[in-house]
Structures are given as structure tokens and as C-alpha cells.
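Student: I have a model open and want to learn to read it. Where do we start?

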Amino acid sequence: MARAFNALGTIRELTGSDAALHRDHLHRLDPQGRRERFNGVADDRFITAYSTRCFAGRTRVFAWVDRGGEVRGSAELHPPCASEPADIAFSVEPEFRNLGIGTRLFEAVMAAARYSRFPELRITSTAGNRAMRALARKFGARFTAEGGEITGLVAIASEPALAEPRHHGEADTLAPA
Ligand SMILES: CC(C)(COP(=O)(O)OP(=O)(O)OC[C@H]1O[C@@H](n2cnc3c(N)ncnc32)[C@H](O)[C@@H]1OP(=O)(O)O)[C@@H](O)C(=O)NCCC(=O)NCCS
């Protein structure tokens, strides 16, 4: 499985010279994926400006790059700001979902956050986003829901943790915000 996965592409951190690859990946997201990724409507212009900002500051961007060199999945780690925890965000193009790419990207982000000694990560999306919930739950996320949005908080343990093995049918519970 790992061999087949690795044959399809690799995970690496992106730099400013990869900015166009990141932007083009975000542009290829389907309308629902854009809503879930950006918690609302995101047109091409918004996405272009957003992607540019990702490479202009302290945000770290990790990507799953296919054998043709295109970014097909990405994860951002936005450092903590004042009393706000570090924010993380993920996107995988529709044809590449459910292959474990989101899980591998989450592991990369967790490793980077642990190295930076961030105590906690936050992920937000639309309330109905079952894929995001399933993904974040594998890393121990605790969820709250408010105003059509769902927020997951993931504590960073000092020891590296791999995702829990694949499992299905677990009760999908939410704590009140
Ligand atoms: C959320 C997202 C990044 C997941 O990426 P992915 O590569 O499909 O994730 P994985 O293949 O690693 O799957 C992770 C887990 O989620 C589960 N899952 C995936 N899609 C699911 C869905 N639609 N409903 C329920 N569970 C789902 C998988 O079964 C897997 O769990 P398992 O390992 O226990 O079987 C992807 O769906 C996406 O890009 N969505 C649009 C943007 C978005 O919602 N981003 C998150 C908010 S920032």
C-alpha cells in the first residue's frame, strides 16, 4: 500500500518558487471543495491572493505532488497569533480523495507543529464537512459547532503520533460550542 502510494507522488514542503503550483491546485478545487476549504464562496481572484499570502509570511505549506509535478493536495500551517492557536487547512483535488493523501499531509503538519512546539492546532470548516471531521478525528480532534461552522482542536503530544488505523462507522458526536 505504502509502495503504491509512493509510486503515485510524494509529499514535500513548498517554497515561494512553488507558489504557482499551489495556486493552480486551489483553482482546481470543485465548488463544494472551495466552500469547505474556505468556509464560504471563493472565486479565482480570492484564491490567487490567498495563495500569494501563504508564501509571504511565516505560513508553512506542505503538498502532495504527483509524478507530473502538479500539486494535487496541500496543507497549510499558520503559526499562532496572539492568543489564537495555530490554524491548519487542507485540500485534496476530488479525483485524489480517499487515498490517504489528507492523512499523510496531516502527519506532516503535526510533525512541523511539534518541532515548532505549538501546543494546539485548530481546523475549521462548514458544519456538514464529514471528510474533514473524519480526517481530524484520526488525530484526536475535539469538535465544537457554532453558526454553521465546525471547529476542531488537536493537541500536540510531545511524542510523534501516527494516524489511528482506518476505521468506519464511529459515532460522529459534537460538543456544544
Ligand atoms: C478533507 C479532505 C482534505 C480529506 O482528504 P483525503 O485525502 O480524502 O483524506 P484521506 O483519504 O486521508 O481520508 C481521511 C479519513 O477521512 C475519511 N473520509 C474521507 N472522505 C470522507 C467523507 N466524504 N465522509 C466521511 N469520511 C470520509 C476516510 O475514510 C479516512 O478515514 P479512515 O482512514 O478511517 O478510513 C478532502 O476531502 C478535501 O480536500 N475536502 C475539501 C476541502 C476541505 O474540506 N478541507 C478541510 C477543511 S480546511
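The dialogue below goes from the overall fold to single residues.

Tutor: One caution. This is a predicted model. Now take the fold.

Student: What share of the contacts joins residues 24 or more positions apart?

Tutor: Take the contacts in the chain with a separation of 6 or more. Residues 24 or more positions apart account for 64% of them. As for burial, 31% of the 177 residues count as buried.

Student: Next, helix packing. At what angle do α2 and α4 cross, and with which hand?

Tutor: Look at the axes, then at the residues between them. Helix α2 spans residues 19-27 and helix α4 residues 44-54. Their axes come within 9 Å and cross at roughly 145 degrees. The crossing is right-handed.

Student: Which residues make that contact?

Tutor: From α2 come A19, H22, R23, L26 and H27. From α4 come D44, I47, T48, S51, T52 and C54. By class, the residues of this contact are four nonpolar, five polar and two charged.

Student: What about the core? Which residues have the most contacts inside the largest one?

Tutor: The general idea first. In soluble globular proteins, nonpolar side chains tend to be buried together. Here the largest nonpolar core has 29 residues. Those with the most contacts inside it are A75, I88, L105, F106 and V109.

Student: Which elements supply this core, and which gives the most?

Tutor: Two or more residues come from each of β2 (60-66), β3 (71-78), β4, α5, β5 and α6. Helix α5 gives the most, with six residues.

Student: Take L105. What is it in contact with, beyond its neighbours in sequence?

Tutor: Set aside everything within four places in sequence. L105 is then in contact with I11, F62, W64, G73, A75 and F90.

Student: Now the ligand. How many residues surround it, and which are the closest?

Tutor: The ligand is surrounded by 25 residues, the closest being E36, G102, T103, A131 and A134. Elements giving two or more residues to the shell are α3 (31-38), β4 (86-92), α5 (101-115), β5 (120-126) and α6 (130-137). The largest share, five residues, comes from α6. By class, the shell has 10 nonpolar, nine polar and six charged residues.

Student: Why does A56 count as exposed?

Tutor: A56 has 10 C-beta neighbours inside 10 Å, so it counts as exposed. A56 lies in the loop between α4 and β2. A56 and G16 are 40 residues apart in sequence, yet 7.9 Å apart from C-alpha to C-alpha.

Student: Last, backbone angles. What is phi of N98 and of R117?

Tutor: Most residues other than glycine have a negative phi. N98 has a positive phi, near 65 degrees. R117, also not a glycine, has a positive phi of about 60 degrees.

Student: Where do N98 and R117 lie?

Tutor: N98 lies in the loop between β4 and α5. R117 lies in the loop between α5 and β5. N98 counts as exposed because it has 10 C-beta neighbours inside 10 Å. R117 is exposed, with 8 other C-beta atoms within 10 Å.

Notes:
Residues are numbered from 1 along each chain as its sequence is written. This is a predicted model: local features need pLDDT of at least 70, side-chain atom pairs count only at pLDDT 80 or more; totals for chains, interfaces and linings use all residues. Axes are lines fitted to C-alpha atoms, for helices over the stretch in contact, and angles run from 0 to 180 degrees between N-to-C directions. Helices (H or I, at least four residues) and strands (E, at least two) are DSSP runs, numbered from the N terminus. A crossing is left-handed if the near helix is turned anticlockwise from the far one by less than a right angle, and right-handed if clockwise. Two residues are in contact if their C-beta atoms, placed from the backbone, lie within 7 Å. Ala, Val, Leu, Ile, Met, Phe, Trp, Tyr, Cys and Pro count as nonpolar, Asp, Glu, Lys and Arg as charged, and the others, Gly among them, as polar. A residue is near a molecule or strand if its C-beta atom, placed from the backbone, lies within 6 Å of it. A nonpolar core is a set of buried Ala, Val, Leu, Ile, Met, Phe, Trp, Tyr and Cys residues joined through C-beta atoms within 7 Å. A residue is buried if 20 or more other C-beta atoms lie within 10 Å of its own, exposed if 12 or fewer, and partly exposed in between; C-beta atoms are placed from the backbone.
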